[in-house]
Amino acid sequence: MWTPYEIEIILHHNCSLAPFERNTAPSYWPTVKRLVDVGILRRGDIESPVETTDLGKGLVRLWCETPIPVQQFVDPRFMGGGAE
């Protein structure tokens with residue numbers, strides 16, 4: 001659902017008041033507009049032109065609380081429900 005670029009922008013604006021490093025990239029402002037439209041970011045003031053909303057902060061919290069997946073090896077002879 002989220003592109004790495006969107007995630008990078010959201011995380012940056014959640015953690016920093018500094019301008020996004022590549023804010024002159026052609027895709028930056030259209031991406032910010034989309035994130036503003038869905039309520040993740042909002043336009044701020046001169047010192048911080050873009051910042052995360054409470055919804056954006058909640059999204060970042062959700063990402064941070066997501067556990068790292070666990071890799072499991074399964075012997076296909078014991079998977080059940082199918083081909084043998």
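1. The radius of gyration is taken here over C-alpha atoms, and the rule for a globule is 2.2 Å times the number of residues to the power 0.38. In this predicted model, the protein chain has a radius of gyration of 19 Å, whereas a compact globule of 84 residues would have one near 12 Å. Taken along the principal axes, the box filled by the C-alpha atoms is roughly 65 × 25 × 20 Å.

2. As to secondary structure, the protein chain contains three helices and two strands. Their order along the sequence is α-α-β-β-α.

3. Burial and surface may be taken together. Of the 84 residues, 23% count as buried. The protein chain exposes about 6600 Å², of which carbon and sulfur atoms supply 61%.

4. The side chains include 8 positive and 11 negative ones, and the centres of these two sets lie 3 Å apart.

5. In soluble globular proteins, nonpolar side chains tend to be buried together. Here the largest nonpolar core has 11 residues: Ile9, Ile10, Phe20, Tyr28, Val32, Leu35, Ile40, Leu41, Val50, Leu59 and Val60. Helix H1 (4–15), helix H2 (28–37) and helix H3 (54–65) are the elements that give two or more residues to this core; H2 gives the most, with three residues.

6. Which residues is Ile40 in contact with, leaving aside its neighbours within four places in sequence? They are Trp2, Ile10, Leu35, Glu51, Thr52, Thr53, Leu55, Gly56 and Leu59. For the protein chain, contacts between residues 24 or more positions apart account for 37% of those with a separation of 6 or more.

Key. Residues are numbered from 1 along each chain as its sequence is written. This is a predicted model: local features need pLDDT of at least 70, side-chain atom pairs count only at pLDDT 80 or more; totals for chains, interfaces and linings use all residues. Side-chain values use heavy atoms; hydrogens and water are left out. Helices (H or I, at least four residues) and strands (E, at least two) are DSSP runs, numbered from the N terminus. Buried means under 20% relative accessible area, exposed over 50%, partly exposed in between (1.4 Å probe, protein chains only). Contact means heavy atoms within 4.5 Å. Accessible areas come from the Shrake-Rupley method with a 1.4 Å probe; for residues, only the protein chains shown count as cover. Lys and Arg count as positive and Asp and Glu as negative; His and the chain ends are not counted. The place of a charge is taken as NZ of Lys, CZ of Arg, CG of Asp or CD of Glu. A nonpolar core is a set of buried Ala, Val, Leu, Ile, Met, Phe, Trp, Tyr and Cys residues joined through side-chain atoms within 4.5 Å.
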